Amino acid sequence: MSSARTGLLIRDLRPGDFQDLIDAYYSYYRELADNTAFGLALYRTKPSYGSELEWFSHLYRDLEAGNCVAKVAVVHGRIVGMCNVTRQRPGSEADHIGELGIAVRSGYRNRGIGSKLMASAISACRGRFETIQLSVFAVNYAAIRLYKSVGFVRWGTLPRAVRRGRRYFDQDLMFLDLRG
Ligand SMILES: CC(C)(COP(=O)(O)OP(=O)(O)OC[C@H]1O[C@@H](n2cnc3c(N)ncnc32)[C@H](O)[C@@H]1OP(=O)(O)O)[C@@H](O)C(=O)NCCC(=O)NCCS
């Protein structure tokens, strides 16, 4: 899906996307330094380039095996966001469930990119997963509104799910039923 007016393209992840993705991921660490309530649960220490490379190769392997859906948002040739849904323990009795993650780079939010990424990822998940689940900081109102707008339902809250320095954050647990 692409729009000539906004320069936005939503497409499947490709092997050559690694550098843009790691740039985006490291930018979230810079955001966290300025915003202690930033809505992504990150590793306490920024992962090395090598471990990011390993993460990317696992992601791509999952994609090739049909265990993952990964959509990226590209603006003027640069990746500014990603939404991925990864199968829970492939081969297990829980493998009809996918876990969703999404992030759009600062400076590109609130212009519909997150919604378009979600719509594209959810549509690719139909017939592949029966349920999509996610967890979201209970104070991440932007993300929760986005999830509710595409049909996600909150089924619980895990108190103190994230420990960040001396602060704790509850996480809302949500699911989307893709059957029917
Ligand atoms: C959550 C996130 C992915 C949304 O992406 P986005 O591109 O900004 O989303 P959109 O512009 O498509 O907005 C979609 C909907 O989200 C909601 N939303 C977005 N920004 C909002 C804000 N600042 N306040 C309230 N609602 C907001 C609205 O419902 C909006 O729909 P509307 O425009 O019809 O009202 C983005 O804010 C982000 O990457 N945040 C940092 C990482 C993160 O928190 N990821 C989620 C982890 S669970």
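1. In total 20 residues surround the ligand, and the closest are Gly 39, Arg 109, Gly 114, Ser 115 and Ala 142; a residue is taken as near a molecule or strand if its C-beta atom, placed from the backbone, lies within 6 Å of it.

2. Two remarks on the source should be kept in mind while reading. This is a predicted model, in which local features need pLDDT of at least 70 and side-chain atom pairs count only at pLDDT 80 or more, while totals for chains, interfaces and linings use all residues. Residues are numbered from 1 along each chain as its sequence is written.

3. By residue type, the shell around the ligand divides into 10 nonpolar, seven polar and three charged residues. Here Ala, Val, Leu, Ile, Met, Phe, Trp, Tyr, Cys and Pro count as nonpolar, Asp, Glu, Lys and Arg as charged, and the others, Gly among them, as polar.

4. Strand E3 (residues 68-75) is largely enclosed by the rest of the structure, because six of its eight residues are buried. A residue is called buried if 20 or more other C-beta atoms lie within 10 Å of its own, exposed if 12 or fewer, and partly exposed in between, with the C-beta atoms placed from the backbone. E3 pairs in the antiparallel sense with strand E2 (residues 8-12) over five bridges, and also in the antiparallel sense with strand E4 (residues 78-87) over eight bridges; two strands pair if DSSP finds at least two bridges between them. Ile 10 has Ala 73 in E3 as its bridge partner, while Val 72 stands opposite Met 82 in E4.

5. What value does phi of His 76 take? Phi of His 76 is near 45°, which is positive although the residue is not a glycine. Most residues other than glycine have a negative phi. His 76 is found in the loop between E3 and E4, and the hairpin of these strands has two residues between them. His 76 counts as exposed because it has 9 C-beta neighbours inside 10 Å.

6. Arg 89 can be read alongside this, for its phi is near 40°, again a positive value in a residue other than glycine. Arg 89 has its place in the loop between E4 and E5, and it is exposed, with 10 other C-beta atoms within 10 Å.

7. Does helix H2 (residues 49-64) lie largely in the open or largely enclosed? H2 lies largely in the open, because the number buried among its 16 residues is one. The expected span of a helix is 1.5 Å times one less than its number of residues, and for the 16 residues of H2 this should be 22 Å, which agrees with the 23 Å between its end C-alpha atoms. Just after H2, Gly 66 takes a positive phi of about 80°.

8. The largest nonpolar core has 33 residues, and those with the most contacts inside it are Ala 73, Cys 83, Val 85, Leu 117 and Ala 121. The elements that give two or more residues to this core are E3, E4, E5, H3, strand E6 (131-137), H4 and strand E8 (167-177). A nonpolar core means a set of buried Ala, Val, Leu, Ile, Met, Phe, Trp, Tyr and Cys residues joined through C-beta atoms within 7 Å. Not counting residues up to four places away in sequence, Ala 121 touches Val 69, Lys 71, Cys 83 and Val 85, where two residues are in contact if their C-beta atoms, placed from the backbone, lie within 7 Å.

9. Leu 21, which lies in helix H1, counts as partly exposed because it has 19 C-beta neighbours inside 10 Å. Leaving aside its neighbours within four places in sequence, Leu 21 is in contact with Phe 56, Ile 79 and Met 82. Leu 21 and Met 82 are 61 residues apart in sequence, and their C-alpha atoms are 8.2 Å apart in space.

10. Asp 12 lies in strand E2 and counts as exposed, with 12 C-beta neighbours inside 10 Å. Not counting residues up to four places away in sequence, Asp 12 touches Ala 70 and Lys 71.

Notes: Helices (H or I, at least four residues) and strands (E, at least two) are DSSP runs, numbered from the N terminus.
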